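Visitor: I am new to protein structures. Could you walk me through this one, feature by feature?

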There are 2 protein chains.
Amino acid sequence: MSADWFRRRFLPGGPLPAPGPPRPRPRPRCSPVPYRRPRFLRGSSSSPSAADASRRPDARPVRSPARGRALPWNAGYAEIINAEKSEFNEDQAACGKLCIRRYEFGVEEDQEWLTLCPEEFLTGHYWALFDGHGGPAAAILAANTLHSCLRRQLEAVVEGMVATQPPMHLSGHCVCPSDPQFVEEKGIRAEDLVIGALESAFQECDEVIGRELEASGQAGGCTALVAMSLQGKLYVANAGDSRAILVRRNEVRPLSSEFTPETERQRIQQLAFVYPELLAGEFTRLEFPRRLKGDDLGQKVLFRDHHMSGWSYKCVEKSDLKYPLIHGQGRQARLLGTLAVSRGLGDHQLRVLDTNIQLKPFLLSVPQVTVLDVDQLEPQEDDLVVMATDGLWDVLSNEQVARLVRSFLPGNQEDPHSQHQGRSSH
Amino acid sequence: MSADWFRRRFLPGGPLPAPGPPRPRPRPRCSPVPYRRPRFLRGSSSSPSAADASRRPDARPVRSPARGRALPWNAGYAEIINAEKSEFNEDQAACGKLCIRRYEFGVEEDQEWLTLCPEEFLTGHYWALFDGHGGPAAAILAANTLHSCLRRQLEAVVEGMVATQPPMHLSGHCVCPSDPQFVEEKGIRAEDLVIGALESAFQECDEVIGRELEASGQAGGCTALVAMSLQGKLYVANAGDSRAILVRRNEVRPLSSEFTPETERQRIQQLAFVYPELLAGEFTRLEFPRRLKGDDLGQKVLFRDHHMSGWSYKCVEKSDLKYPLIHGQGRQARLLGTLAVSRGLGDHQLRVLDTNIQLKPFLLSVPQVTVLDVDQLEPQEDDLVVMATDGLWDVLSNEQVARLVRSFLPGNQEDPHSQHQGRSSH
């Protein structure tokens, strides 16, 4: 990949392209995953806002879609050029209209998914953020692929989704007369099929990324946060530490929760308990307030194991001096000393530095899905959803973000350059 | 065990003992776990209330502590004689003052735990309900044992509990100058040690029950719901499908959640995914709306696996026709066709009927603990906690129970015979 090209184009201090038609990018020769920014940023400019620049000489440029390129559902988008933690801006995004066809239409695979497809049966909208790590490849693949996986998974169950109640048999054929009653008693609704499709799509996309990365000898992983509007509902699927919130005039409502080594401690410790060989004798499954050392040997020290929500004391043995499976707290918490998230896509080859210990077994690609019934919500003109990666939530609380976006709103209805990510209002 | 004695004493229609001093009970010769009712019911009578008897000829007798025998913290207690589902009233209960001593006092094991011990260092109160199944043995053992396990576990960490912040080392010795800072950053509070002690006590009690049942050739299991007041906080620990709620003048707040094959489906399916041999080829891990049969073969049918919150369709194969790991819904849901709860104590020998398939691996003895800061709550005179087994919650909602107990309150302050279980107010 051409780091020079990336630096010239995106990093502060380098020459910034003037607004206008996109210039042809040099493509690296051997990579099947060329580095790129989200498609809807083509032709946009990036610069620090005047106010920021006067206040803070180190203000980083903000990029948003070019004027005149509106995103669906009045969505806005902004990204901040990376803080040089990594070579590339590893965050990626995707957004588009989602067209779900009925299988029997027999239409061939539609490559131009982002445009209207005439055979559409159900349509929705899709917004996604991918926060990459260890290189941009997984995030780029996810931005290119996840919506196709999702469309395929939805199309596989669309007959059930459009029924008043999903039939026990997809064919609609009733084997037992009381089949509808069984489905009713389980409380299975059409939205459960959409949740299932989102879960399957994330897993399918993860498999695709695994194959592509292996084939191309590339590496990396990413978190994934998806919002999808379909049949009057907003589905938010999250795998990682990004976050979506709903901002209304008198309410701020989280639409996702974060998955990190801290929030998923018990699941991760439980796995190491079941499969101790995953730690290869190099790590301890137990959590302590800090890494233990020789002086702690024989002392009774605070600890937690997989089955514990509370804390207790244990007498320190030699094996407790190993590096902890989960170490550090808050933003510093790391899984196997390596990764700050516990769900996401990719990372199939990721290993602890200088060892053969894999991280993938501890990572889940399946998202948690929350459903917002937009019709029941009695939506107002200025309701909006904010989706952002941890970079925003590390420095601003939900309430602070809500105050900020509310302050932009009144004079900002026509401006797609508003500086909040994935904003959607209706 | 003497079923005749039990029938004479407790079942409707048999002669009921008049209120007075307890009569000596015939003890079965070879059982180390003689059947008994909670200690504080000694000397009490049981009879259907006059109102109930006039309305419903099948009204079952209610038993509560004898007049003049008040329970701590103004607690009330009532139990309903069993509905002949099982030979015995398998529910048990315990209640008492909890005296936690410092180890260095060197006092020998205090057998009379339920009375005030002069060496007490910290005191609290303890209420517990145990809903037995497969015989009363586990519930009786739990009622006899769990408080001792809890006292022991609390005494093991009491030095940490009484510190402003639990020290990293129980000795108080600081190995690193920044140890308090590490503990602070992890957010470890004294109440986390109490939660840890409750978790450990449940596990210890489960091991004791396992040993005792094996030694005596008895069987059975029980759920466990514990409320403990200590240092201005109320801890509620729950393993099973009992429930505790807080009833206030303008609020009803659940203090526990239920653990059943339905609520713990993903954990249970995940275990069967990791250890398929636990199902011995007799069960399918997958969930379907009903048990599948030959006619479903080859059809696409609704299903859920361990990683799914939503539902999807799968093509039915022969292995899907096996009996489901979790089957039925609501009150009918069963684990391996056998058990309606997924957490509790005992059941070490429980096997699926006519097979060698064990249930214990799927059961957790560790409770979920919730903490109520009583001081922050600004408690009112008529606040109370209701603890009850599923028998109550199957027929009455939280709100209905709250309305009922509120209606008893005003004229009932002095009457320990009030018909709600484990009521505590202050």
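Visitor: How many helices and strands does the secondary structure of chain A come to?

Guide: One caution before the count: this is a predicted model. Chain A has 8 helices and 18 strands.

Visitor: How much of chain A is buried?

Guide: Buried means under 20% relative accessible area. Of the 426 residues of chain A, 54% pass that test. The accessible surface of chain A comes to about 19,100 Å². Carbon and sulfur atoms hold 49% of that surface.

Visitor: What share of the contacts in chain A joins residues 24 or more positions apart?

Guide: The share is 66%, counted among contacts with a separation of 6 or more.

Visitor: How many bridges join strand 8 to strand 9 in chain A?

Guide: There are 4 bridges between strand 8 (residues 243–248) and strand 9 of chain A.

Visitor: Now a helix with buried residues. Which residues of helix 6 in chain A are buried?

Guide: Start with the general idea. An α-helix has 3.6 residues a turn, so residues three or four places apart point the same way. Now the case here. In helix 6 (residues 265–274) of chain A, the buried residues are A:R265, A:I268, A:Q269, A:L271, A:A272 and A:V274.

Visitor: What do the buried residues of helix 6 of chain A pack against?

Guide: Their partners come from two chains. In chain A they are strand 14 (326–327) and strand 15 (334–335). In chain B the partner is helix 6 (265–274).

Visitor: Is A:D206 buried or exposed?

Guide: Find helix 5 (residues 190–216) of chain A, where A:D206 sits. A:D206 has 8% relative accessibility, so this residue counts as buried. Next, check its neighbours. Leaving out residues up to four places away in sequence, A:D206 touches A:G344, A:L345, A:G346, A:H348, A:K360 and A:S365.

Visitor: On to chain B. Why is strand 7 of chain B described as largely enclosed?

Guide: Strand 7 (residues 233–239) of chain B has 7 residues, and 6 of them are buried, so the rest of the structure largely encloses this strand. Then ask what it pairs with. Strand 6 (residues 221–230) of chain B pairs with strand 7 of chain B over 7 bridges, in the antiparallel sense. One opposite pair is B:L225 and B:N238. Strand 17 (residues 368–373) of chain B also pairs antiparallel with strand 7 of chain B, over 6 bridges. There, B:L234 has B:L372 as its bridge partner.

Visitor: How many residues lie between strand 6 and strand 7 in the hairpin of chain B?

Guide: There are 2 residues between them. B:Q231, in the turn, has a positive phi of about 50 degrees.

Visitor: Last, the rings. How many aromatic pairs does the whole structure hold?

Guide: A search over all chains finds 2 aromatic pairs. To read a pair, check the angle between the planes: over 60 degrees counts as edge-to-face. The rings of A:F283 and A:Y323 have centres 5.9 Å apart and planes at 90 degrees, so this pair is edge-to-face. A:F283 is in strand 10 (residues 283–284) and A:Y323 in strand 13 (residues 323–324) of chain A, so the pair ties together parts 40 residues apart in sequence. A:F283, at 10% relative accessibility, is buried. A:Y323, at 26%, is partly exposed. In chain B, the rings of B:F283 and B:Y323 also have centres 5.9 Å apart and planes at 90 degrees, so that pair is edge-to-face.

Visitor: Where does the charged end of B:R343 sit?

Guide: It sits over the ring of B:F259, 3.9 Å from the ring's centre. In chain A, A:R343 lies over the face of A:F259, at 3.9 Å from the ring centre.

Notes
Residues numbered from 1 in each chain as written. Chains lettered and ligands numbered in written order. Predicted model: local features only at pLDDT ≥ 70, side-chain atom pairs only at ≥ 80, totals over all residues. Heavy atoms only, no water. Pairing = 2+ DSSP bridges. Buried < 20%, exposed > 50% of the residue type's maximum accessible area, 1.4 Å probe, protein only. Contact = heavy atoms within 4.5 Å. Areas by Shrake-Rupley, 256 points an atom, 1.4 Å probe, with all protein chains shown as cover. Phe/Tyr/Trp six-rings, centres within 6.5 Å; stacked < 30°, edge-to-face > 60°. Lys NZ or Arg CZ within 6 Å of the ring centre and 35° of its normal.
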